[in-house]
Structure formats: C-alpha cells, structure tokens
Amino acid sequence: MRVSPLLAASRRLRSLHFVPGGVQKFLDKALASKADALILDLEDSVTPAGKPAARKEVAQWLDNVDFGSKTVLVRINALDTPYWQEDLTATLRARRPDMYVIPKASSKEDMEKVGALISSLEESVGRERGSIGLLPIVTEVPQAPLRAQEIAASPRVEAITWGAEDLGAEMGVRRRKDSNGNWLEIFQLVRSLTLLAAKAANVQAIDTVYTDLKDIAGCRAEAERAADSGFDGKMTIHPAQIDVANAAFSPSASELQAARELLAAAEGQAGAFSWKGQMIDKPHLRQAERVVARADGMEPLAAAAPQVAPETPIHGKWFDELPEGLVIQHALTRTVTEVDNILFTTLSLNPAKLHLDYESAKGTQFGKPLVNSMFTIALLVGMSVLETTHGTTIANLGFEEVVFPRPVFYGDTLRAETQVIKTRPSGSDPTRGIVKFEHRAFNQNGDLVCRARRNAMMRKRPSSKL
C-alpha cells in the first residue's frame with residue numbers, strides 16, 4: 001500500500017519516537033508526548049535474552065493500550081537474525097501496528113520476504129491485506145544505499161530512513177561527524193541518496209536520530225536543515241527532541257498563509273503567471289501544495305468563513321470508542337503536597353489525627369501523617385477525566401468498589417490508568433450507554449495505591465447510529 005506524503009494526514013510522520021520494547025515507563029512518557037508516531041523497538045534496545053519477554057509485552061501494548069491518533073510502528077530485528085519472523089508473528093495484532101521498521105534492509109527482495117509473511121498474518125488476524133506499511137532503514141549495510149530507490153519503490157513501503165551507526169561499524173570509520181558537528185562526506189552521501197530515493201518513489205523521507213541528548217540546539221539545527229532539504233520528519237530518542245522535530249517539519253503561520261494565497265491566485269490560470277513580481281509555474285504550485293499538506297487541519301482552500309467562537313473542545317471518548325478491555329494510560333501526573341492534604345482534610349471537616357496531628361502520627365506504624373484517602377480517590381478520578389469522560393459523560397452513577405492497597409504520603413507522585421470493564425447500551429435512550437471503568441493509581445515506585453470501579457452514563461458519538 002502506498003500513501004502519498006502530500007495527502008496522507010493519517011500517516012503524518014514529523015516525529016517518530018523510539019520506545020524500548022517492554023519498558024512501561026518509557027511508553028507512558030511517549031504516550032503523553034506530542035510525537036506523531038511511536039516506534040516500539042525490539043532490536044537494539046533489547047538484549048537477545050530479553051527479546052521473548054519484550055515481544056510479549058509489546059504485543060500486550062498493541063492489544064490494550066490506547067495510542068490515540070499516533071501512528072504505531074514496531075522495529076523488528078534484522079532479516080539476517082533468527083528473531084525477525086517471531087517479531088512479526090507475535091506483534092501483528094488485530095488493530096495495531098500500522099507499520100514495521102525494517103533494519104539493515106539491503107534489497108527489494110528483503111521487502112518482498114517481509115511483505116509475504118505480513119500478508120499471511122494480516123489474513124489470520126482479520127486485517128485488510130496490504131494495510132500495514134513498511135519503513136526500511138536503507139543505509140545500514142554498504143550495498144543498501146546503492147539500492148535505495150528500488151527498496152523505496154517496493155510494495156508496502158510508505159517511508160524510508162537512514163542511519164549512520166551501523167554503516168559506520170560496517171565500514172570501520174573512526175568517527176561520523178567532523179569537529180563542527182557536520183556529517184562526514186560518506187554519511188552526507190547516503191543521507192542524500194535516501195532523500196532522493198524517497199522523492200523518486202513518492203514516499204516520505206525520514207531523517208536519522210540526533211544522538212547528543214543534551215544538545216537540543218544542535219538537534220533543532222539539524223532538524224531544520226533536514227526540513228529545508230526536503231525531509232518529511234525525524235526520528236527521536238529523547239522526549240525533549242519531539243517538539244523540536246514537530247516544529248521543524250511544520251510550516252510557520254506566514255509560510256502557510258503565503259502558500260494558501262499563492263494557490264488561491266493560481267485558480268483559473270491556464271499556465272505560468274506573474275504573482276507579486278515573480279513568475280509562477282508548476283514547481284512553485286507543487287511546493288505550495290506541500291506546505292499546505294504539512295499543516296495541521298487541512299481544509300479546502302476556499303474563502304475564509306466568518307470567524308465564530310469555537311465550541312469547547314472535547315477530549316474524552318464517546319461510548320462507541322470504549323470497547324471492553326481497553327486500557328488508557330493517562331497523561332496527567334501529580335505530586336501530592338502537604339498543603340493538598342491539610343486543605344482537603346479541613347475543608348471536608350475531617351478531624352482525624354492521622355491526617356493533621358504530626359505528633360500523634362509519629363506514634364503510628366507509619367511514623368508520619370497519611371494523606372487523606374478521599375483526596376487520593378478524588379485525584380485519581382480527576383487524572384482520568386481528560387482521556388475518558390471530558391465532554392462525553394452525562395452523569396457519574398456511583399462507585400462499586402474502592403480499595404487503598406498502600407498509603408500515600410506527602411511527596412508521592414501519582415500516575416493513573418483506566419480500564420474499561422463492561423459496557424452496555426442504555427435500554428431507554430439510544431444516544432447513550434453505561435460504562436464500568438476501573439481506575440488505578442500508582443506511586444513513583446509503581447505500587448498500586450488506589451483502585452476504584454465506577455459506572456458512568458456516557459454519550460454516544462452524535463453521528464453514531466448505534
């Protein structure tokens with residue numbers, strides 16, 4: 001399947017962020033980021049002994065985690081290893097991933113070999129044949145850059161990228177960049193071959209990672225140069241690099257306005273024409289179309305409608321978007337403070353000494369005051385709202401079970417996840433349904449501190465006929 005880089009908003013790949021396979025804390029951070037795509041890695045970040053467990057964990061992520069609008073990729077192991085077939089078999093699930101990253105790709109035959117196994121697996125899990133894309137790395141072995149165009153033109157390939165680390169090891173180079181931070185000639189060459197091959201095949205060109213995690217300014221400069229050269233996105237390995245990549249590969253407001261004005265001026269023109277003192281022909285129009293296609297919220301280039309106040313945004317999920325078994329990792333986290341506990345306890349007229357009397361608390365098994373458990377559950381439910389019920393709930397119908405397996409103290413940082421336990425349509429109103437959620441809060445050590453089940457009356461999507 002081929003998706004045009006100019007038209008496929010569903011495959012926007014400005015930032016592709018690596019997540020080590022099976023490491024939950026890195027997935028949590030990545031889910032909360034603004035990365036366009038996540039690469040769940042089974043190759044370099046996983047030891048040989050750890051690969052079976054990582055495969056199993058990544059498969060569970062693909063089945064249960066709500067990735068939202070992010071494109072999800074899995075980087076499998078290279079085709080010259082005994083792992084790649086197991087990687088595909090374990091991770092090609094009914095809903096995800098959207099694409100696979102193929103390391104050390106060296107020929108179109110490699111793409112055919114991978115594509116054949118994917119086709120059989122697609123059928124076995126009920127996915128449309130050809131729906132899963134490929135992103136090969138076309139510079140990790142010396143013969144690959146010379147075949148980059150044929151690899152890029154292979155079926156299923158939606159984007160290609162390049163890398164310097166493995167190629168450098170294969171060639172025995174002493175370093176990859178000069179003293180000014182610029183790529184040495186051989187790496188400049190393969191980078192350019194990757195870009196040209198992508199454009200010739202009409203797939204997206206993705207720039208390689210920036211390995212100096214502390215040098216955000218350097219990462220920004222490299223991403224901007226890549227965007228200026230025609231690359232469509234960049235792979236990232238640290239959360240701080242994600243916004244840098246998104247900004248570099250998105251048009252500025254002035255660029256977008258100029259592109260729209262140019263395309264509007266071109267309507268009705270039969271050929272080349274003069275505009276603002278410049279002769280305009282097809283290459284200029286193609287560039288303007290590319291700028292508009294990169295922008296968020298692509299809309300028809302018609303005369304702007306009168307501006308009206310926007311409706312309050314809705315971030316929650318409709319009843320239709322909450323299948324049983326869905327697990328949602330919530331973006332918001334919170335460090336509990338002493339002030340939180342004192343204010344909540346006093347405002348709720350709770351005189352219990354274990355929350356307010358420091359001297360009395362010294363004599364307990366904990367040796368210090370406990371955070372009011374009613375604050376804990378309130379915080380847990382609050383952290384869950386944004387991705388579950390914000391703007392989509394009608395009423396909270398009550399709690400069935402609330403437990404506090406471990407205490408919470410000042411200074412603890414809590415994160416939350418929610419699982420959909422049960423759903424049923426309303427028997428009296430076809431526009432709504434009832435969802436049983438299980439909310440879970442964990443402290444900074446990963447200990448479960450609160451679990452609560454509640455029922456909520458949820459709206460169905462307004463256009464839904466269910």
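**Figure 1. Helix 8 and helix 9 cross in a right-handed manner in this predicted model.** The two helices, helix 8 with residues 216–229 and helix 9 with residues 240–248, have axes that come within 9 Å and cross at roughly 30°. Because angles under 35 degrees count as roughly parallel, helix 8 is described as roughly parallel to helix 9. On the side of helix 8, the contact is made by I216, C219, R220, A223, E224 and A227, while helix 9 contributes A240, Q241, V244 and A248.

**Figure 2. Helix 2 and helix 3 also form a right-handed crossing.** Helix 2 spans residues 51–64, and its axis comes within 9 Å of the axis of helix 3, the two crossing at roughly 30°. With that angle, helix 2 and helix 3 are therefore roughly parallel to each other. The residues that make the contact are R55, V58, A59 and L62 from helix 2, together with E86, D87, A90 and T91 from helix 3.

**Figure 3. V74 is a residue of strand 3, which covers residues 71–75.** With a relative accessibility of 0%, V74 counts as buried, because buried means under 20% relative accessible area. Although V74 and Y100 are 26 residues apart along the chain, their C-alpha atoms are separated by 4.9 Å. If residues within four places in sequence are left aside, V74 is in contact with L40, L42, V58, L62, T91, P97, M99, Y100 and V101. Two of these partners, V58 and L62, belong to helix 2 and also take part in its contact with helix 3.

**Figure 4. I39 lies in strand 2, made of residues 37–41.** The relative accessibility of I39 is 0%, so I39 counts as buried. P20 is 19 residues away from I39 in sequence, and the distance between the two in space is 8.4 Å, from C-alpha to C-alpha. When residues up to four places away in sequence are not counted, I39 touches L16, H17, F18, V19, L73, R75, V101 and M235.

**Figure 5. The largest nonpolar core of the model has 56 residues.** In soluble globular proteins, nonpolar side chains tend to be buried together. Within this core, the residues that touch the most other members are L27, L38, L40, F67, L88, Y100 and I102. Helix 7 supplies the largest share of the core, namely six residues. Taking L27 as an example, and leaving aside its neighbours within four places in sequence, one finds it in contact with V19, L38, L40, W61, V65 and F67. There is also a second, separate core, which has 15 residues and includes I377, L380, V449 and A452.

**Figure 6. A cis peptide bond joins R96 and P97.** The omega angle of this bond is about 5°. P97 is placed in the loop that runs between helix 3 (84–91) and strand 4 (99–102). P97 is also one of the residues in contact with V74 of strand 3.

**Figure 7. N202 and L349 are two residues that have a positive phi although neither is a glycine.** For N202, phi is about 60°, and the residue sits in the loop between helix 7 (185–201) and strand 7 (204–207). Its relative accessibility is 38%, so N202 counts as partly exposed. For L349, phi is likewise about 60°, and its place is in the loop between helix 12 (338–347) and helix 13 (353–356). L349 has a relative accessible area of 74% and is therefore exposed.

Figure 8. The mean pLDDT is 87, and 90% of the residues reach 70 or more. Over residues 1–10, however, the pLDDT is below 50, and this stretch has 27 contacts in the model beyond near neighbours in sequence. The pLDDT also stays under 50 over residues 297–310, and for these the model has eleven contacts beyond four places in sequence.

Notes
Residues are numbered from 1 along each chain as its sequence is written. This is a predicted model: local features need pLDDT of at least 70, side-chain atom pairs count only at pLDDT 80 or more; totals for chains, interfaces and linings use all residues. Side-chain values use heavy atoms; hydrogens and water are left out. Helices (H or I, at least four residues) and strands (E, at least two) are DSSP runs, numbered from the N terminus. Buried means under 20% relative accessible area, exposed over 50%, partly exposed in between (1.4 Å probe, protein chains only). A nonpolar core is a set of buried Ala, Val, Leu, Ile, Met, Phe, Trp, Tyr and Cys residues joined through side-chain atoms within 4.5 Å. Contact means heavy atoms within 4.5 Å. pLDDT is the predictor's confidence in each residue, from 0 to 100. Axes are lines fitted to C-alpha atoms, for helices over the stretch in contact, and angles run from 0 to 180 degrees between N-to-C directions. Angles under 35 degrees count as roughly parallel, over 145 as roughly antiparallel, 65 to 115 as roughly perpendicular and the rest as oblique. A crossing is left-handed if the near helix is turned anticlockwise from the far one by less than a right angle, and right-handed if clockwise.
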